[in-house]
2 protein chains.
Amino acid sequence: MSDETKDNNAAACPIPAQDHRTVQLAHGSGGKLMHDLIERLFLSTFSNPALSAQEDQAVVEINGVRLAFTTDAYVVDPIIFPGGTIGDLAVNGTINDLCMCGAVPVCLSAAFILEEGCPFAALEPIVATMQAAAARTGVQIVTGDTKVVNRGKGDKVYITTSGIGVVEHPYTISAASIRPGDRVILSGSIADHGIAILAARGGFSFQSDVRSDTAALHSLVQTMLKAGGKGIHAMRDPTRGGVAATLNEFAAKARIGISIDENCIAVAPAVRGACELLGLDPLYVANEGKLIAIVAPELAEAVLAAMRSHPLGQQAVTIGDVTAEQPKFVSMHTAIGGWRIVDMPIGEQLPRIC
Amino acid sequence: MSDETKDNNAAACPIPAQDHRTVQLAHGSGGKLMHDLIERLFLSTFSNPALSAQEDQAVVEINGVRLAFTTDAYVVDPIIFPGGTIGDLAVNGTINDLCMCGAVPVCLSAAFILEEGCPFAALEPIVATMQAAAARTGVQIVTGDTKVVNRGKGDKVYITTSGIGVVEHPYTISAASIRPGDRVILSGSIADHGIAILAARGGFSFQSDVRSDTAALHSLVQTMLKAGGKGIHAMRDPTRGGVAATLNEFAAKARIGISIDENCIAVAPAVRGACELLGLDPLYVANEGKLIAIVAPELAEAVLAAMRSHPLGQQAVTIGDVTAEQPKFVSMHTAIGGWRIVDMPIGEQLPRIC
């Protein structure tokens, strides 16, 4: 289609055509548009094996020590919400990105972009919750940076945390290790974080007592590794784009199919109610304290039992299987007895949830 | 002074009193206000030895390997300027922060905060220059993150780069190692970066062909280490707050005096002209490809000769000495034959220069 034809179509259509020349909110969604942007702009330019693995962390070997290295920018709005702040969210999120390859987190950095006029009264609890989250995990924030931007060029505070962990096991925990026959394990109920953020934004006609599930999963992962060792093929925390995006990433990367059962996926009643009211599918809503593990069938029960013994995995369940059929697709046996494809989300349901 | 008295004074004074309850642009300046903020808000909360050293990088030992770890957020305005972009500035800056402790840079991360509506045509050259800068240094950008914020909540693109380096020498290159009698060496002419940014912002009545000096100093540092080894006590790149801020940081941390000679400090004629026109002191203007080294007197000549053999150190000179007198103060023998104190800057001359 020529640019002219596109413009004519756009003029004829009451819904504005997507502008392909500029960044859209949907490019930050965790969905297909974000993956397209990352592939086109970043992966093709920075091209290297560690980055192309597209895991939540890079594993690099330095003088014989295997290190995990990760970074995440946090732009969540609001900066303080039920269950957490942008500060502990940033610390927990970076800890989780490190430990999804089985690394033990060692230290973190924190870079702050502050907006001129941001009240110190808002910053102080954020910094305090960051420290509390780091202390709970036993890691230290060892280096940092502070920048200030003009009023109207930021939104109170953005925080980028990076982290280093050490990989002490000999396995390759990565989407590339997934095999047909593997079990899909989910550590708990879904969609709490996204709904807590949405409720905290105000302007909605529903009251909610939903709290973010933000939590550091490092000790849960260590418990799983002890029980499952080489059986743990891949792990990821389903944040932006939710469980649906994570499973689709696994399916695309490993070129396998994933089949899940909706009846096995727990959603808290208040979260389900909010999702129904807002027309959101909980499979696509962000989590910040849950993980999905893909585990060899012979070790799945042992891993599941270990998870259930841990406070953050008490509700862990097997939600499905990896199949050789329908490679790159995620399908779901629905609660009402049918089957449907669980697509990769295109854009975002909820911008700026982390 | 009570809050009430302060408010009364503010009302009587045509110049608005500083608001102590919110973040000001000056808090991002590299000067005294920034140091106060960091101490009060971050150091006291995150309290740990690596952070409290307040070097540009933390040195942490993991399984017997000494690693340097650093992070910096880049919010420079404009994002493309004579001599560089926010992209190569971010890569070079993080490489420099790593190598100021003598580390060899190994890998980088990059987290992007994109503003909705930012044209891809602006992003593409930035990403390309990042990759070019990383490739020149032989390091890879191995992990990253992309977030998008609403229009009016960012400024096209902010980039936070973090980096890991390996410290292969046995020395402690740190402000704490500075001793009276040490020589102060500067690697080249000053103030190019700040003036290039200011000229690029437009709205000024002067034309300037000044280019940013952004450059990665890793190979200069390795050359210096070979020549000077244990004689190199401290190094830092004088970015925000310029040479004045860096020397004051050294003096305060090591509780020594520093005495420099204005006649030894090179300023390019176009830079000097712009500084005079704008009423800026080049000692306080940012550099992005220069370093200051504090070197034991017996090895200073060897280090200087090595620096001059390197393309990025051809103009290296000894600009002064460390003294036991006037601890925590930086004094300067001026070009017109007097002496003056070179204070730590309070706020900023130029916001958002990096």
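## Helix H10 of chain B

A residue counts as buried when its relative accessible area is under 20%. In this predicted model, the buried residues of H10(B) are Ala300(B), Val303(B), Leu304(B), Ala306(B) and Met307(B). Viewed down the axis of H10(B), these residues fall within an arc of 160°, so they line one face of the helix. The face turned away from the buried side of H10(B) carries the exposed residues Glu298(B) and Glu301(B).

The buried residues of H10(B) pack against strand E8 (183-186), helix H7 (218-228), strand E9 (232-236), strand E11 (292-295) and strand E12 (317-323) of chain B. Helix H10 of chain B has 12 residues (297-308), which at 1.5 Å a residue should span 16 Å; the C-alpha atoms at its ends are 17 Å apart, and this agrees.

## Interface between chains A and B

The size of an interface is often given as the accessible area lost when the parts come together. Chain B and chain A bury about 6,800 Å² between them, with 69% of it on carbon and sulfur atoms. Val23(B), Phe69(B) and Phe120(B) supply 11% of the area that chain B buries against chain A, more than any other three residues. In terms of contacts, 79 residues of chain B touch 79 residues of chain A.

Across the interface of chain B and chain A there are 22 residue pairs in polar contact. On the side of chain B that touches chain A, the elements that give two or more residues are helix H2 (32-46), helix H3 (49-52), strand E1 (58-62), strand E2 (65-74), strand E5 (104-115), helix H5 (120-137), strand E6 (140-149) and strand E7 (157-166) of chain B.

## Salt bridges between the chains

Side chains of opposite charge can pair when their charged atoms come close. Between chain B and chain A the count is six salt bridges. One of the salt bridges joins the side chains of Arg240(B) and Asp145(A), at 2.9 Å from N to O.

Arg40(B) forms a salt bridge with Glu124(A), and the closest N and O atoms are 3.7 Å apart. Arg40(B) lies in helix H2 of chain B and Glu124(A) in helix H5 (residues 120-137) of chain A, so the pair joins two chains. Arg40(B) counts as partly exposed at 45% relative accessibility, and Glu124(A) counts as partly exposed at 37%.

## Salt bridges of Arg236(A)

Over all chains the count is 26 salt bridges. Glu55(A) forms one with Arg236(A), where the closest N and O atoms are 2.9 Å apart. Glu55(A) lies in the loop between helix H3 (49-52) and strand E1 (58-62) of chain A, while Arg236(A) lies in strand E9 (residues 232-236) of chain A, so the pair ties together parts that are 181 residues apart in sequence. Glu55(A) is buried, with a relative accessible area of 15%, and Arg236(A) counts as buried at 4% relative accessibility.

Arg236(A) also forms a salt bridge with Glu249(A), the closest N and O atoms being 2.5 Å apart. This pair links Glu249(A) in helix H8 (residues 242-254) of chain A with Arg236(A) in strand E9 of chain A, 13 residues apart. Glu249(A) and Arg236(A) are buried. Elsewhere, salt bridges that share partners join Lys153(A), Asp155(B), Lys156(B) and Arg352(B) into one network.

## The loop between E8 and H6 of chain A

Ser187(A) lies in the loop between strand E8 (183-186) and helix H6 (192-200) of chain A. At 1% relative accessibility, Ser187(A) is counted as buried. The side chain of Ser187(A) reaches the backbone nitrogen of Leu291(A) at 2.9 Å. Not counting residues up to four places away in sequence, the residues that Ser187(A) touches include Leu220(A), Gly289(A), Lys290(A), Leu291(A) and Met307(A).

Ala191(A) is placed in the loop between E8 and H6 of chain A. Ala191(A) has a positive phi of about 80° although it is not a glycine, and at 0% relative accessibility it counts as buried.

## Other backbone features

Gln326(A) also has a positive phi, about 50°, although it is not a glycine. Gln326(A) lies in the loop between strand E12 (317-323) and strand E13 (330-333) of chain A and counts as partly exposed at 45% relative accessibility.

A cis peptide bond joins Asp77(A) and Pro78(A), with omega about 5°. Pro78(A) sits in the loop between strand E2 (65-74) and strand E3 (80-81) of chain A. In chain B, a cis peptide bond joins Asp77(B) and Pro78(B), with omega about 5°, and Pro78(B) is in the loop between E2 and strand E3 (80-81) of chain B.

Conventions
Residues are numbered from 1 along each chain as its sequence is written. Chains are lettered from A and ligands numbered from 1 in the order in which they are written. This is a predicted model: local features need pLDDT of at least 70, side-chain atom pairs count only at pLDDT 80 or more; totals for chains, interfaces and linings use all residues. Side-chain values use heavy atoms; hydrogens and water are left out. Helices (H or I, at least four residues) and strands (E, at least two) are DSSP runs, numbered from the N terminus. The expected span of a helix is 1.5 Å times one less than its number of residues. Buried means under 20% relative accessible area, exposed over 50%, partly exposed in between (1.4 Å probe, protein chains only). The arc is that of the directions from the helix axis to the C-beta atoms. Contact means heavy atoms within 4.5 Å. Buried area is the accessible area (1.4 Å probe) that two parts lose on being put together, summed over both. A salt bridge is a side-chain nitrogen of Lys or Arg within 4 Å of a carboxyl oxygen of Asp or Glu. A polar contact is a pair of N or O atoms within 3.5 Å; within protein, one must be able to donate a hydrogen and the other to accept it, and residues adjacent in sequence count only if both atoms are side-chain atoms.
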